[in-house]
Amino acid sequence: MRGAPDTIILLRPRSTRQALEVFAQNPHAVPLAGGTDFMVSWNMGLHNGKTVLDISALRSWRKISAAKTGVRIGALATHADLQRHPALRREFSLLTEACSEIGAAAIQNRGTLGGNIANASPAGDSFPPQAVYEAKVHAVSAQARRLIPFNEIFVGVKKTVLRPGELIESVEIPFLKPRPSRQYFRKVGTRAAQALSKTVAAGLLWLSRDGRVSEMRFALGSMATMVRRLKSAEHFVQGKKLTSEVIDHACELLAKDVSPIDDVRSTAQYRLKVSRNLLREFLSGR
Ligand SMILES: Cc1cc2nc3c(=O)[nH]c(=O)nc-3n(C[C@H](O)[C@H](O)[C@H](O)COP(=O)(O)OP(=O)(O)OC[C@H]3O[C@@H](n4cnc5c(N)ncnc54)[C@H](O)[C@@H]3O)c2cc1C
């Protein structure tokens with residue numbers, strides 16, 4: 001069945017206050033931002049008979065602003081907006097790089113960061129950077145607002161901790177102090193554009209003066225039901241020099257924190273092998 005416009009109720013609030021009030025009265029309405037994911041399910045008729053809350057006119061939620069402690073990205077900022085923002089390009093290049101690899105130009109011009117998160121696909125490309133930057137998600141409803149650590153927002157495939165009547169307002173990313181010694185992003189798909197990830201990685205590494213690891217953060221997408229930080233490998237390398245033995249063992253430990261599957265895009269075996277290669281590339285600084 002295709003999408004049938006005459007079966008839906010479309011709500012188009014003009015202010016954030018109005019949006020939250022209307023959502024409180026219709027807590028099961030489906031939010032609509034850039035529509036890139038929405039239109040896929042719309043075409044399958046999955047929204048027929050539903051109420052749709054179009055939040056795309058909430059201009060203040062498209063702003064990206066830098067403060068003393070970090071950058072705040074409005075939920076309606078598009079992947080193209082993020083790539084153009086100087087502070088994001090300078091301080092959080094893993095995220096702008098990820099945005100430049102989402103779909104292709106048309107998707108980047110319409111798709112929003114808030115929509116990418118709320119859609120909660122295991123293959124969301126912006127997720128590994130947000131996981132290693134330890135972003136925080138500002139969620140709001142008519143009754144309350146709360147700050148959700150990015151690493152706690154997902155509970156499963158297409159599932160988040162957002163409650164009925166709650167919207168993502170913005171994402172906050174704290175500046176990194178000190179700056180990392182090494183940063184890494186790599187998406188592996190079938191093509192350079194319009195390809196969902198087989199695996200997608202982001203890493204940050206801080207080395208002390210004597211070459212020991214003072215901190216490592218590494219996250220993988222498309223390797224489990226949701227983005228995963230490699231806690232076992234992160235913990236193992238702490239305080240160690242990155243010798244070939246240490247790198248080998250960290251790559252072995254990778255499997256402890258992920259559970260890749262065979263699907264239309266790849267096999268579990270390929271995903272594991274390539275992800276280990278990415279971690280090795282990152283740790284050996286090649
Ligand atoms: C051809 C194609 C290629 C793609 N390629 C990629 C890719 O390579 N990598 C990738 O990561 N993604 C990809 N996507 C997915 C998509 O473009 C992104 O997830 C996009 O960021 C979604 O944002 P949107 O504004 O379009 O969301 P919408 O489609 O408007 O909404 C998506 C979901 O989020 C909810 N929602 C939206 N905004 C909010 C909010 N502020 N608060 C609460 N809920 C909200 C909606 O109800 C809906 O469930 C692709 C999609 C298409 C169609």
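Reader: Let's begin with helix H11; how many residues does it have, and how far does it reach?

Author: Helix H11 covers residues 268-284, which is 17 residues, and in this predicted model its first and last C-alpha atoms lie 24 Å apart, close to the 24 Å expected at 1.5 Å a residue.

Reader: Which residues of H11 are buried?

Author: The buried residues of H11 are Ala268, Arg271, Val274, Ser275, Leu278, Leu279, Phe282 and Leu283. As background, residues three or four places apart in an α-helix point the same way, because there are 3.6 residues a turn.

Reader: What follows H11 in the chain?

Author: Gly285 comes after H11, and the phi of Gly285 is positive, near 70°.

Reader: Which salt bridge involves Arg280?

Author: The side chain of Arg280 pairs with that of Asp248 in a salt bridge, at 2.8 Å from N to O. Asp248 belongs to helix H10 and Arg280 to helix H11, so this pair ties together parts that are 32 residues apart in sequence. Asp248 is partly exposed at 37% relative accessibility, and Arg280 is partly exposed as well, with a relative accessible area of 29%.

Reader: How many salt bridges does the count come to?

Author: The count comes to 18 salt bridges. One of them joins Glu215 to Arg217, where the closest N and O atoms are 2.8 Å apart.

Reader: Changing topic, in what order do the five strands of the open sheet run, and is the pairing parallel or antiparallel?

Author: The order in that open sheet is E4-E5-E10-E6-E7, and its strands pair in the antiparallel sense. Strand E4 (64-66) and strand E7 (145-149) are the edge strands, each pairing on one side only. On average, neighbouring strands of this sheet are turned by 20° against each other, direction ignored.

Reader: Over how many bridges do E5 and E10 pair?

Author: Strand E5, residues 70-74, and strand E10, residues 167-174, pair over five bridges in the antiparallel sense. Within this pairing, Gly70 has Pro174 in E10 as its bridge partner.

Reader: What about the open sheet of three strands, what is its order?

Author: Its order is E1-E3-E2, and the pairing is parallel. Strand E1 (9-11) and strand E2 (30-32) are the edges, each pairing on one side only, and the twist averages 30° from one strand to the next.

Reader: Which residue in E3 stands opposite Pro31?

Author: Leu53 in E3 stands opposite Pro31. E2 and strand E3 (residues 51-54) pair in the parallel sense, over three bridges.

Definitions and conventions
Residues numbered from 1 in each chain as written. Predicted model: local features only at pLDDT ≥ 70, side-chain atom pairs only at ≥ 80, totals over all residues. Heavy atoms only, no water. Helix = DSSP H or I, 4+ residues; strand = E, 2+ residues; numbered from the N terminus. Expected span 1.5 Å × (residues − 1). Buried < 20%, exposed > 50% of the residue type's maximum accessible area, 1.4 Å probe, protein only. Pairing = 2+ DSSP bridges. Axes fitted to C-alpha atoms, helices over the stretch in contact; angles between N-to-C directions. Salt bridge = Lys/Arg side-chain N within 4 Å of Asp/Glu carboxyl O.
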